[in-house]
Amino acid sequence: MTAYAVAQLRDVNLGDDIVEYLRRIDATLEPFGGRFIIHGGEPEVLEGAWTHTLIVIEFPDLGRARAWYRSPAYQEILPLRTGNSSGDAVLIEGVDEDHKATDVLAG
């Protein structure tokens with residue numbers, strides 16, 4: 001099942017370290033089938049306040065998402081981001097094509 005790496009970043013210092021991180025991250029994703037599906041942009045805020053930069057990376061499955069995050073190549077560049085921004089990051093599975101909202105009530 002498709003999985004996602006989702007990050008909400010704030011206070012991003014767009015200096016040399018973040019530029020280096022951006023230059024190198026695509027190469028870390030490729031071996032695991034990862035691809036950006038959201039990478040910043042201006043959100044249309046419909047409710048509440050939004051002060052984050054949203055990043056969503058899609059992977060074929062949760063195993064590959066975990067393997068990417070734990071890979072030596074990604075761990076090598078991770079401090080370039082974490083040292084120059086704050087925020088939250090998670091890995092999460094997607095849902096099946098036929099998912100309905102009420103499916104979360106089962107089980």
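Q: How much space lies in the largest pocket?
A: About 370 Å³, a volume filled by probe spheres set on grid points joined across faces, edges and corners. A pocket here is an open set of points on a 1 Å grid over the protein atoms alone, where a 1.4 Å probe fits and protein lies on both sides within 12 Å along at least five of seven lines. This is a predicted model, with local features needing pLDDT of at least 70 and side-chain atom pairs pLDDT 80 or more, while totals for chains, interfaces and linings use all residues. Residues are numbered from 1 along each chain, and side-chain values use heavy atoms, without hydrogens and water.

Q: Which residues lie nearest its centre?
A: A7, L9, Y21, I55 and R81, out of 23 lining residues (those with an atom within 4 Å of a point).

Q: And which elements give two or more residues to that lining?
A: Strands 1, 2 (35-39), 3 (53-59) and 4, plus helix 1, helix 2 (62-70) and helix 3. These are DSSP runs, helices being H or I of at least four residues and strands E of at least two.

Q: What order do the elements run in?
A: β-α-β-β-α-α-β from the N terminus.

Q: Switching to N84: buried or exposed?
A: N84 counts as buried because its relative accessibility is 13% (buried is under 20%, exposed over 50%, partly exposed in between, with a 1.4 Å probe and protein chains only). N84 sits in the loop between helix 3 (72-82) and strand 4 (86-93).

Q: What does N84 touch?
A: Leaving out residues up to four places away in sequence, D11, V12, N13, D17, I18 and P79, with contact meaning heavy atoms within 4.5 Å.

Q: Nice. And L14, buried or exposed?
A: L14 is exposed, at 62% relative accessible area, in the loop between strand 1 (3-10) and helix 1 (16-29).
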